[in-house]
Amino acid sequence: MTHFVLNNEPAIRMAFFIGIFLIVAIFELLVPRRPLSTSKTSRWFGNIGIVLINTVLLRLFFPAAAVGMALWIERQGWGAFNNIGLPYWLKVVLSVIILDFIIYLQHVMFHAVPLLWRLHMVHHADLDYDLTTGTRFHPIEIILSMVIKVAAITVLGPPVLGVIIFEILLNGTAMFNHGNFFIPLKIDRMLRWAVITPDMHRVHHSVFPSEANHNFGFNLPWWDRVMGTYRAQPSRGHEGMTIGLNQFRDPSRLTLPWMLVLPFIGKQGRYAINRRGTRAED
Ligand SMILES: [Zn+2]
Ligand SMILES: [Zn+2]
């Protein structure tokens, strides 16, 4: 099983990406949560365009990527997990959980450090919220994120299978929890104990910094509850809330070239956590 996954890793990841993309896209058409406020075609052109750029850049700079790094660390016998005698399955489970916590901390850091926030603004500047928002990250943020992941893998020495599962989960849940589809509230409440639902992460895309500085998780919902950054619902409800950033409201500027230069020319606003105001909607 492990060998099969290792030998077919790119194909398995691509199959999950396309499969989850199609399933979420169909749900968005059948049971949309909110009407879109801007042209879906131009948004998707930009959001999918940036994914293609990021994929090519990662291949160029990190041809082996996180999985290759885990394999190499394992062969060297480096990293904590390669030097402690835990059962293999437990190492796999713990690796997924620990890597997810690191991604949570990284996300908080991108909201707290003004220079990093400039990069992360690209993710938040989307004026609508659908599965393609979940794939919209500035190329420098993607590269920094890979550097952090590689550093974490070097220290942790997780089993390669754990890294593959984590990468597939992160990719899949990012599309799921940015999905613009309706989940009955009772089911949403139950799901929130195991996964981050679209309603939970949508709070994080509110124009109000007091709401956007909550719900930083991507895979597991526990970190926000444990770290005190959980917020159940937006103050104006999911239909009434405004998505995006206050300083970027012009849809005609949400093109692919604009996304690429946004960190360098855009105003950073009052979003960084340490600049939070005192009013409820700051
Ligand atoms: Zn964010
Ligand atoms: Zn998001």
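Q: Which residues does His123 touch, not counting residues up to four places away in sequence?
A: Keep in mind that this is a predicted model. Contacts are read as pairs of residues with heavy atoms within 4.5 Å. On that basis His123 touches Thr133, Gly134, Arg136, Phe137, His178, His201 and His205.

Q: Where is His123 placed, and is His123 buried or exposed?
A: His123 has its place in helix α6. A residue is called buried when its relative accessible area is under 20%. His123 has 0% relative accessibility, so His123 counts as buried.

Q: Which residues coordinate the zinc ion (ligand 2)?
A: To read a metal site, look for the donor atoms around the ion. For the zinc ion (ligand 2) they are the NE2 atoms of His123, His178, His201 and His205, at 2.1 Å. Along the chain these donors follow the spacing H-x54-H-x22-H-x3-H.

Q: Why is the arrangement around the zinc ion (ligand 2) irregular?
A: Ideal angles are 109.5 degrees for four tetrahedral donors. Four donors count as tetrahedral only if all angles lie between 85 and 135 degrees. Around the zinc ion (ligand 2) the four donor atoms subtend angles of 91 to 158°, and therefore the arrangement is irregular.

Q: Which parts of the chain does the pair His178 and His201 tie together?
A: His178 lies in the loop between α8 (160-177) and α9 (185-191), and His201 lies in helix α10 (residues 198-202), so the pair ties together parts 23 residues apart in sequence. His178 is buried at a relative accessible area of 0%, and His201 counts as buried at 1%.

Q: What coordinates the zinc ion (ligand 1)?
A: The approach is the one used for the other ion: list the donors, then look at their spacing. The zinc ion (ligand 1) is coordinated by NE2 atoms of His107, His111, His120, His124 and His204, at 2.1 to 2.2 Å. Their spacing in sequence is H-x3-H-x8-H-x3-H-x79-H. Here His120 in helix α6 (residues 114-124) and His204 in the loop between α10 and α11 (209-212) link distant parts of the chain, 84 residues apart. Both His120 and His204 are buried, each with a value of 0%.

Q: How many Å separate the zinc ion (ligand 1) and the zinc ion (ligand 2)?
A: The two ions are 5.5 Å apart.

Q: At what angle do helix α5 and α8 pack?
A: Helix packing is read from the angle and the distance between two axes. Helix α5 (residues 88-112) packs with α8 at about 45°, the axes being 8 Å apart. That angle makes α5 oblique to α8. The crossing of α5 past α8 is right-handed.

Q: Which residues meet where α5 packs with α8?
A: From α5 they include Tyr88, Val92, Leu99 and Ile103, and from α8 they include Leu161, Phe166 and Leu170.

Q: How do α3 and α14 pack?
A: Read this pair by angle, crossing and contacts. Helix α3 (residues 40-61) and helix α14 (residues 256-265) pack at about 65°, with axes 8 Å apart. α3 passes α14 in a right-handed crossing. Gly46, Asn47, Gly49, Ile50 and Ile53 in α3 meet Leu256, Met259 and Leu260 in α14.

Note on methods. Residues numbered from 1 in each chain as written. Chains lettered and ligands numbered in written order. Predicted model: local features only at pLDDT ≥ 70, side-chain atom pairs only at ≥ 80, totals over all residues. Heavy atoms only, no water. Donors = N, O, S within 2.8 Å, 3.2 Å for Na, K, Ca; no water. Tetrahedral: all angles 85-135°; square planar, octahedral: opposite > 155°, others 65-115°. Helix = DSSP H or I, 4+ residues; strand = E, 2+ residues; numbered from the N terminus. Buried < 20%, exposed > 50% of the residue type's maximum accessible area, 1.4 Å probe, protein only. Axes fitted to C-alpha atoms, helices over the stretch in contact; angles between N-to-C directions. Parallel < 35°, antiparallel > 145°, perpendicular 65-115°, else oblique. Left-handed = near helix turned anticlockwise from the far one by under 90°.
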